[in-house]
Amino acid sequence: MINIQLFEKKIFKYIIFMSFLTPLGLIFPELFKAKDAWGEWDTETVKEMIGYLPKGMEKMASIWEGLMPDYTIKGMDEGLKFLSISYIISALVGITMVMLFTYLVLKFLKKNA
């Protein structure tokens with residue numbers, strides 16, 4: 001029989017550990033002089049790559065920027081050290097939001113079961 005609490009504790013530790021690895025997405029491209037990660041393009045890059053900007057993307061880009069655009073905190077977007085810290089904070093915020101949402105959904109389902 002699997003000890004659920006132990007399993008949850010292990011998973012939580014791995015998730016936190018993985019959030020501290022998120023700056024690798026900044027460090028490796030810098031080391032290898034690579035471009036942006038696949039799918040992480042801004043509107044200008046897309047326009048450059050395919051020759052035009054799709055209308056839907058143009059519309060959405062002007063409506064929604066996200067809670068933490070480019071995974072950074074305003075004022076902490078200069079230099080690899082501050083960007084790395086911003087990435088970690090962004091990962092932790094995202095993890096917290098997903099866990100909270102999951103908790104609320106499960107609580108709602110349990111209440112209505």
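How many aromatic pairs does the count come to? The count comes to two aromatic pairs, where rings of Phe, Tyr and Trp (its six-membered ring) pair if their centres lie within 6.5 Å, and planes under 30 degrees apart count as stacked, over 60 as edge-to-face and the rest as tilted.

1. Basis of the note. This is a predicted model, in which local features need pLDDT of at least 70, side-chain atom pairs count only at pLDDT 80 or more, and totals for chains, interfaces and linings use all residues. Residues are numbered from 1 along each chain as its sequence is written, and side-chain values use heavy atoms, with hydrogens and water left out.

2. The pair F28 and F32. The ring centres of F28 and F32 are 6.2 Å apart and the planes meet at 55°, so this pair is tilted. F28 is partly exposed, at 42% relative accessible area, whereas F32 is exposed, at 62% (buried means under 20%, exposed over 50%, partly exposed in between, with a 1.4 Å probe and protein chains only).

3. The pair Y71 and Y87. Here the ring centres lie 5.4 Å apart with planes at 65°, so the pair of Y71 and Y87 is edge-to-face. The pair links distant parts of the chain, 16 residues apart: Y71 is in the loop between α4 and α5, and Y87 is in helix α5 (helices are DSSP runs of H or I, at least four residues, numbered from the N terminus). Y71 is partly exposed at 36% relative accessibility, while Y87 is buried at 18%.

4. The largest pocket. This pocket holds about 1,000 Å³ of space (a pocket is an open set of points on a 1 Å grid over the protein atoms alone, with protein on both sides within 12 Å along at least five of seven lines; lining residues have an atom within 4 Å of a point; a volume is the space filled by probe spheres set on the points). Of its 28 lining residues, E40, W41, D70, Y71 and Y87 lie nearest the centre. Helices α2 (24–31), α4 (55–63) and α5 (80–111) each supply at least two lining residues.

5. The second largest pocket. Its volume is about 390 Å³. Residues of the lining include F7, F12, M99 and Y103. The elements giving two or more residues to this lining are α1 (4–19) and α5, and α5 gives the most, with seven residues.

6. A charge over a ring. The charged end of K81 sits over the ring of F82, 5.9 Å from its centre (NZ of Lys or CZ of Arg must be within 6 Å of the ring centre and within 35 degrees of the ring normal).

Key
1 Å grid on protein atoms, 1.4 Å probe; cavity = no way out; pocket = protein on both sides within 12 Å on 5 of 7 lines; lining within 4 Å.
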